[in-house]
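Here is a short report on selected features of one protein model. Please keep the structure in view while reading.

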Amino acid sequence: MDDNRLDSLAEEFASAPTFFREHAQFLDLLEKATKSAGDSASWTGEMAPADEQRTLREMSNILELYQERPTCLDPYLERIVGQLMSVVQEYVYAYHDSVAESAAKSAGSTDMVSCEASVGLSRLAGIFDLLYTLCKVRGYKVVMRFFPHGVADIEPVFTTLWMHSSHLARSGWTTRYMLLIWMSLLAMIPFDMESIDSGNLDLPSLDGSQSQSQSAISSNALVDRWIELGKFYLRRPACEMEGAAVMLSRLLSRKDTATAKQPAFIDWAIGEIRNAIGSGSDEDSALNKKGMSIASVLCVNGALRVLCHLLVAIDSAHVLRLQMPLLIEIFESNAYEQHSVTRKLIAKATQRLALLVLPPVTAANTARSSVRKSARANLGGASGRYSHDHLEYSGETTALDDNGDADSAEISEEVETFIGILLQKLQDKDTIVRWSAAKGIGRVAERLPPALAQEIVSAVADVLKEHALESSDKGIIDVSMTSEFAWHGALLALAELSRKGLLMPRSLRSFVPWVVRGLTYEIQRGDYSVGSNVRDAACYVMWSFARMPNPESRRVFGEMSLQMSTTLISVAVFDRESNVRRAASAAFQEHVGRHSSFPHGISVLQLADFFSVGNMRNAFVVASRKIAEYNEYREPLLRHLCMGTIYHWEHRTRELAAAALRELVPLAAPYVVESLLPQIVANTTSPFLAVRHGAIVAAGVIAEVLAAELKENDMNSKEVDGVVSDFSAFVRTYGITAEQHQQ
């Protein structure tokens, strides 16, 4: 049955689309839908015909089949988006003209809200839904490349978006989101905004706005209204907020708006955040303990999103010199403890502000220069001590040589504060926050001089080692008192540092045992356990180790290859989680593909590939048995089973471990009897139910297999006699005589 399951998985993978299979059907439906939606005579209605709606839903269903393989759509993407946007463009122009005519007829009227356009507001909602599905599948950055972006498009699109914002109840959020994305593209037009602004916009107030009346807007200029519209959507949830953040960041990064509008907007954003979280008074502190309201959370998230985008576009931190203390106060606030998305945005903004504060990148003053030198050494393109005749490169030597530059480089106190915030976020309770902080630490360390980068590596190591107990004589690391959040964040940061080539060979020898321990990290909490994310992150670290560029690192991995390879394979076949098994297999594959230090690498990899380890029973029973035929992996696999997996908290995992043990024991019977069975028998009296049950099952399996071998080979060693005598006493405790058990 397992073979059938594997065959079905292989067929399923083979049947996965490698090209746009339904392209002919989809293009026919596209022609039908655009012909119906492009009929301007039908635009006066609010709803699309039923046939058009069914066609668009069918097209959306086809597109959603390609969420895992979106690049299959690329050959047809320009045609699809082009046809859809041609209809949308005509509609937007017609709607703009209709609004202008309506405004002209009601000239002098004070009730601008009552001015209705003759073109239906939500007539093309289905087309916008389909465009959103395209963005969801392929990504808005790719889809928007094919949007129209002429100067004449700006005011019609802006008018349409403004009118939809004035009638939120009648328009769909997908329509508003796509118009925001379109406006973000139009914001990049390389012409002065004053030359584009016609000055003829006469629009009603925004729906639900607190200060968007005609008198509240500072001027009737297009840019001012554009910014006000963006501020309005920064308080909206989900995609509309993200679209507004992208639009505002691009608008405020233009040369004609960066000086005139950007500083005031940044002050507004900081003020919005401070008002939402409080200014630090006793009353505000009591409010923060209760948690922010939903409106306050949306306000903070919107302001942070646009700040994150702006910090990428700003050229110098000098622009933020006055706001820097306020930003640090916001980043260090603990008012966001209940809101994971807000904390993630804080981590993202912190890393981007740190990169902005750091000195400009040069070829000699960053840790990344060490990686470049190492790459030249590998290629043999350098002279002197980096030549093939003397490949003694090490990261420490480079750091010492660059020490003068490192000492002369002035790193501001703000950078140290930002690094401290990121290190704290590594221990956050939510994965998205830890992952953002880990990426930020890698990027900041990459920009620092080598000596300072190693201080960050040491700080990450301290997070990893906090509350862990290491036995100096046996090399055992006790993680029972550690936090899985801290370990997960530290391992992610370690992987990012390793992937960027910032780990020195000297420190690798001390890091590898901790990463190996992370591969088996699991702490039981009641009737469940934690640590699967830690094991997955440890596999990521192992994967990144294989990509380290300098030859000295490869020598270190060559020395520790047996420990690394056997642990990775043990996890690949015996871990409970399928994603961890596959991650360990991927890390093993990366080392086999890039180095030749893992014993029997290709042969073992073929037995523990993506499909083999995907099925739990096949990984435990079939793959492990075949891999154990290689001497280097036999005892580590047995040791991993008998010292960990057989005592797993889940009943099914213990049973599979016993089944695997039945397959492996005949391959190394003396080792099992001498080294593993005594401890198993000792654990049969454990007060913990999972340990006791696992030990009983394992002892029974081993005794059964060894009894068969003893009867066949007529062997009777002293070690087996000693274990059987202990086991007989245990059997009598449970009401069965030794003679009955032997029978």
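## Burial in helix α34

A residue is called buried when its relative accessible area is under 20%. The model is predicted. By that cut-off, helix α34 has buried residues Thr-653, Arg-654, Leu-656, Ala-657, Ala-658, Ala-660, Leu-661 and Leu-664.

Helix α34 covers residues 651–664, 14 residues in total. At 1.5 Å a residue, α34 should span 20 Å, and its end C-alpha atoms are 20 Å apart, so the two values agree.

## Arg-138

Arg-138 lies in helix α5, residues 125–138. Is Arg-138 buried or exposed? Its relative accessibility is 19%, so Arg-138 counts as buried.

The Arg-138 side chain makes a polar contact with the side chain of Asp-74, at 2.6 Å. Beyond four places in sequence, Arg-138 touches Pro-70, Thr-71, Asp-74, Leu-77 and Val-143.

## Packing of α5 on α8

Packed helices are described by the angle between their axes and the distance between those axes. For α5 and helix α8 (residues 173–186), the angle is about 65° and the axes are 8 Å apart. Their crossing is left-handed.

From α5, the contact uses Ala-125, Phe-128, Asp-129, Leu-131, Tyr-132 and Cys-135. From α8, Trp-173, Thr-174, Thr-175, Tyr-177, Met-178 and Leu-179 take part.

## The nonpolar core

The largest nonpolar core holds 227 residues. Phe-147, Trp-226, Leu-491 and Phe-545 have the most contacts inside this core. Helix α4 (residues 74–105) supplies the largest share, 11 residues.

Setting aside neighbours within four places in sequence, Leu-491 contacts Leu-464, Val-515, Val-534, Ala-537, Ala-538 and Val-541.

Terms used:
Residues are numbered from 1 along each chain as its sequence is written. This is a predicted model: local features need pLDDT of at least 70, side-chain atom pairs count only at pLDDT 80 or more; totals for chains, interfaces and linings use all residues. Side-chain values use heavy atoms; hydrogens and water are left out. Helices (H or I, at least four residues) and strands (E, at least two) are DSSP runs, numbered from the N terminus. Buried means under 20% relative accessible area, exposed over 50%, partly exposed in between (1.4 Å probe, protein chains only). A polar contact is a pair of N or O atoms within 3.5 Å; within protein, one must be able to donate a hydrogen and the other to accept it, and residues adjacent in sequence count only if both atoms are side-chain atoms. Contact means heavy atoms within 4.5 Å. A nonpolar core is a set of buried Ala, Val, Leu, Ile, Met, Phe, Trp, Tyr and Cys residues joined through side-chain atoms within 4.5 Å. The expected span of a helix is 1.5 Å times one less than its number of residues. Axes are lines fitted to C-alpha atoms, for helices over the stretch in contact, and angles run from 0 to 180 degrees between N-to-C directions. A crossing is left-handed if the near helix is turned anticlockwise from the far one by less than a right angle, and right-handed if clockwise.
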